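Dear colleague,

Here is the structure I promised to hand over, with the sequence beside it. Please keep it open while you read the notes that follow.

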Amino acid sequence: FKVRFNMYQAGPVSMSVVDATGRQVHQQAEELTSGPQEVKLTLPEVSSGFYFLKLEIDGNTYSERFVVQ
């Protein structure tokens, strides 16, 4: 799936996906430019259920819940 967000300045971004039990099932890091971003996450190893996406950008952490069907 695709993750869309805005970078206020260029820099590293760490993205991780955690399942409902707290187990990390995916992680990737990228160096991105400033401006609107669209990053593709490939998650072939996950089964149906609730997950959390955690973005770490410039020392700040953002999280969002999503469902895999």
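F1 is partly exposed, with a relative accessible area of 39%, where buried means under 20% relative accessible area, exposed means over 50%, and partly exposed covers what lies in between, computed with a 1.4 Å probe on protein chains only. F66, in contrast, has a relative accessibility of 16% and counts as buried. Please bear in mind that this is a predicted model, in which local features need pLDDT of at least 70 and side-chain atom pairs count only at pLDDT 80 or more, while totals for chains, interfaces and linings use all residues. Residues are numbered from 1 along each chain as its sequence is written, and side-chain values use heavy atoms, with hydrogens and water left out.

**The aromatic rings**

The structure holds two aromatic pairs; rings of Phe, Tyr and Trp (for Trp, its six-membered ring) pair if their centres lie within 6.5 Å, and planes under 30 degrees apart count as stacked, over 60 as edge-to-face and the rest as tilted. F1 and F66 form a tilted pair, with 4.7 Å from centre to centre and 45° between the planes. Because F1 lies in the segment before strand 1 and F66 lies in strand 6, this pair ties together parts that are 65 residues apart in sequence. Y51 and F66 form a stacked pair, with 5.9 Å from centre to centre and 25° between the planes. This pair also links distant parts of the chain, since Y51 is in strand 5 and F66 in strand 6, 15 residues apart. Both Y51 and F66 are buried, and ring pairs link F1, Y51 and F66 into a cluster.

**The overall fold**

The protein has zero helices and six strands; both kinds of element are DSSP runs numbered from the N terminus, helices being H or I with at least four residues and strands being E with at least two. Read from the N terminus on, the elements therefore run β-β-β-β-β-β. The radius of gyration is 12 Å, close to the 11 Å that the globule rule gives for 69 residues, so the protein is as compact as a globular protein of that length. For this comparison the radius is taken over C-alpha atoms, and the rule is 2.2 Å times the number of residues to the power 0.38. Along its principal axes the C-alpha trace spans about 35 × 20 × 15 Å, and 38% of the 69 residues count as buried.

Strand 5 (residues 49-57) and strand 6 (residues 60-68) run antiparallel and are joined by nine bridges, where two strands pair if DSSP finds at least two bridges between them. Within this pairing, L53 stands opposite E64 in strand 6. The two strands form a hairpin with two residues between them. D58 lies in the loop between strand 5 and strand 6, and has a positive phi of about 50° although it is not a glycine. Most residues other than glycine have a negative phi. At 58% relative accessibility, D58 counts as exposed. R65, which lies in strand 6, is also exposed, at 53% relative accessibility.

D19, in strand 2, is buried at 11% relative accessibility, and lies 24 Å from D58, C-alpha to C-alpha.

**The largest pocket**

The largest pocket holds about 240 Å³ of space. A pocket here is an open set of points on a 1 Å grid over the protein atoms alone, where a 1.4 Å probe fits and protein lies on both sides within 12 Å along at least five of seven lines; lining residues have an atom within 4 Å of a point. The lining has 13 residues, of which N6, M7, Y8, I57 and Y62 lie nearest the centre. Strand 1 (2-7), strand 2 (11-19), strand 5 and strand 6 each supply at least two lining residues, and the largest share, three residues, comes from strand 1. The lining divides into eight nonpolar, four polar and one charged residue, with Ala, Val, Leu, Ile, Met, Phe, Trp, Tyr, Cys and Pro counted as nonpolar, Asp, Glu, Lys and Arg as charged, and the others, Gly among them, as polar.

With best wishes

Technical notes
Grid points are joined across faces, edges and corners, and a volume is the space filled by probe spheres set on the points.
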